[in-house]
Every structure is written in C-alpha cells, then in structure tokens.
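Work through the exercises below with the sequence and the model in view. Each task is followed by a solution in steps.

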Amino acid sequence: MKPLIIIPARSGSKGIPGKNIKPLAGKPLIAYSIDTAHEICRRRGLQPSHILVSTDSEEIASVAETYGAPTIYRRPPELATDTAGSREMMLHAAEWAQSQGVDFDYILLLQPTSPLRTADDTEQCMRLYESELPDMAVTVREASANPYYNCFETAPDGSLQISKGDGMLTRRQDAPHAWEFNGAVYAINPKSLAAMPMGRFPRRIPSEMPPERSIDLDTPLDWEIAEVVIRSINPQN
C-alpha cells in the first residue's frame, strides 16, 4: 500500500516561535520529519512526490526544499490559522495530491514536533494500519496518569474522586493500561477522514512507542529536553 506523507508546517507558532525551521541540535526541526519521509519512500520504492509539505510560508518551503522535499503545494491562508483543523488541512492536501496524479491508499501524517520518531516507529504504525485497515492507526505512549489509579476528577462537593473504577487499586501494575497519543505518526483512512472528524473514528488502533522517543515539542522546556536527548544519542550533533 502507498501512503501520502503529509508534513504539516504552518507559520505563526506561538508556543515556540518559528519552531518548524528553528535549529534543533544543529538541524531545522522540519528536517527530521523530511528525513523520515525520505527513508519511508526509499524502503517502499516511492517517488518524492508522495511527500507533501503543507505550509503557507515561503521561508518554511525554502528550508524544506533544501532538505529534498517537494514544495509546489501551498496551504491556503484559511487553513493556516490558529483555529483551522488538521482534518480540513489533510483533506485539502489529499485532494490537491490527487489532482496532481499522486496515487495513494492512505494518509501518513508526520508532525514536525516529534523529531525523535524513527523510520522504524513509522513503519510499525504503517504495517499495523495495512494489516488491520482501521479508521486510523496512531502512535501512543503509556499515559503518565492512569484513570484507574492516580487520575482524579472533582466531585460536586469539591472533593476528589477516582476517574474510573472504585479507587481500591493499591498498585499501578494492577490497573488496566492507559495510553495517550504522542503525536508522532498517524496512518489515516481517507474515506473515514472525509466522513467524520478523527475524534469520532470508531476504530483507532495503537502503535506503542517508548517514552524517550515520544517527546512532543510544545514548549521551550520540551525543546531543551529534546536537545539533550538528541545530543546524547548523536554526540557529534
């Protein structure tokens, strides 16, 4: 099966200004996702036309092109605002790719904010999608808080009550596993995406990634942590 690899990179980030092209351990952030996309294309025997950088910025496009990503497509301004949804962005990009004759079976979303994701992590999620054909296969990490053990809600009287279960578990190991999306890889059925928002997908299946590769860059602190992890993996960076 052939994916359309979408790398979303709009301008105007507020949490980390200019993050998509800001150097992370000596390389622009978006380059990590482009490198992964190229490796997937190499393994699958696909042309670079299966990589689509969705950006509204000429500066981001220029940097992406430097790292070998095709940059003919531009995201419309109305899909590059703070309130624009990922679903609409992907639908527009997929429609454009089809108009250009790109043949694909599903959408593979690689967000630049997950620079520690590897090609193997990506392939694992892709293979899971291709074997199960769900609405979406998505990378996850074990949740830091478990609703059966240490995640609480506020009751009407202001007291804390366990989110799920009876609150009698005394060991985390006895609680059912709880997962959280780590934002690294989404393999999405285009028909499902066209029919409904991703939050309403009836069948989403998890592809587990380790915590150390699940860093999602949202704040300057996240960035500093990622710098340390990358330099520890590749001291020459």
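**Exercise 1.** State how much space lies in the largest pocket and which residues lie nearest its centre.

Solution. The largest pocket holds about 430 Å³ of space. A pocket here is an open set of points on a 1 Å grid over the protein atoms alone, where a 1.4 Å probe fits, with protein on both sides within 12 Å along at least five of seven lines; lining residues have an atom within 4 Å of a point. Grid points are joined across faces, edges and corners, and the volume is the space filled by probe spheres set on them. The lining has 22 residues, and Pro 8, Arg 10, Lys 19, Arg 75 and Gln 111 lie nearest the centre. By type, the lining of the largest pocket divides into seven nonpolar, nine polar and six charged residues. For this count Ala, Val, Leu, Ile, Met, Phe, Trp, Tyr, Cys and Pro are nonpolar, Asp, Glu, Lys and Arg are charged, and the others, Gly among them, are polar.

The model is predicted: local features need pLDDT of at least 70, side-chain atom pairs count only at pLDDT 80 or more, and totals for chains, interfaces and linings use all residues. Residues are numbered from 1 along each chain as its sequence is written, and side-chain values use heavy atoms, with hydrogens and water left out.

**Exercise 2.** Describe the second largest pocket and find which element gives the most to its lining.

Solution. Its volume is about 230 Å³. Of its 13 lining residues, Lys 27, Tyr 32, Pro 115, Arg 117 and Asn 234 are the closest to the centre. Helix H1 (29–44) and helix H6 (220–233) each give two or more residues to this lining; helices (H or I, at least four residues) and strands (E, at least two) are DSSP runs numbered from the N terminus. H1 gives the most, with three residues.
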